[in-house]
Amino acid sequence: MSPRRKWEFELFTHAAPDVCAAVTRAIAREDVPAIASIMYRAFQGTVDDEGMPEEQAARKVNAIIDGKYGPFIAAASRVAIADDECVAFLLATDYEPYGMPVIAAIAVAPEYRRRRYGRLL
């Protein structure tokens with residue numbers, strides 16, 4: 001057996017607690033403000049932070065759902081609901097340059113991280 005690579009070591013040494021009391025459902029247009037808020041807060045201050053205001057995050061979510069990044073795959077796109085609110089999301093598209101479906105965006109609200117919501121999606 002080969003030794004673990006660094007990412008594997010970090011993945012397994014930072015195991016999330018077994019806490020995930022959410023259900024998932026299909027995305028609805030009414031979820032866009034919550035998804036945009038999660039996207040904005042989840043990436044703020046990270047290498048993926050594009051410096052966009054929260055309103056622009058909503059435009060980006062709508063662009064993904066409207067097919068700007070390839071046909072939106074509603075059947076594979078989900079939101080996780082916990083405590084009666086959207087806490088995580090996954091948006092999937094059929095990205096034509098790759099010739100296959102891709103995850104266009106996935107994020108968990110910062111206050112719900114490390115509880116396996118991303119894994120649930």
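Student: Before we start, what counts as a pair of strands?
Tutor: Two strands pair if DSSP finds at least two bridges between them. Strands themselves are DSSP runs of E, at least two residues long, and helices are runs of H or I, at least four, numbered from the N terminus.

Student: And what kind of model is this?
Tutor: It is a predicted model, where local features need pLDDT of at least 70, side-chain atom pairs count only at pLDDT 80 or more, and totals for chains, interfaces and linings use all residues. Residues are numbered from 1 along each chain as its sequence is written, and side-chain values use heavy atoms, with hydrogens and water left out.

Student: OK, β2 and β3. In which sense do they pair?
Tutor: Antiparallel, over five bridges. Strand β2 covers residues 78–82, and V79 stands opposite F89 in β3.

Student: What sits between those two strands?
Tutor: Two residues, making a hairpin. D83 in the turn has a positive phi of about 55 degrees.

Student: How many bridges join β3 and β4?
Tutor: Eight, again antiparallel. L90 has I106 in β4 as its bridge partner. That hairpin has four residues between the strands, and G99 takes a positive phi near 70 degrees.

Student: How many residues of β3 are buried?
Tutor: Eight of the 11 in β3, residues 85–95, are buried. Buried means under 20% relative accessible area, exposed over 50%, partly exposed in between, with a 1.4 Å probe and protein chains only.

Student: New topic. Which helix gives the largest share of the second largest pocket's lining?
Tutor: α2, with three residues.
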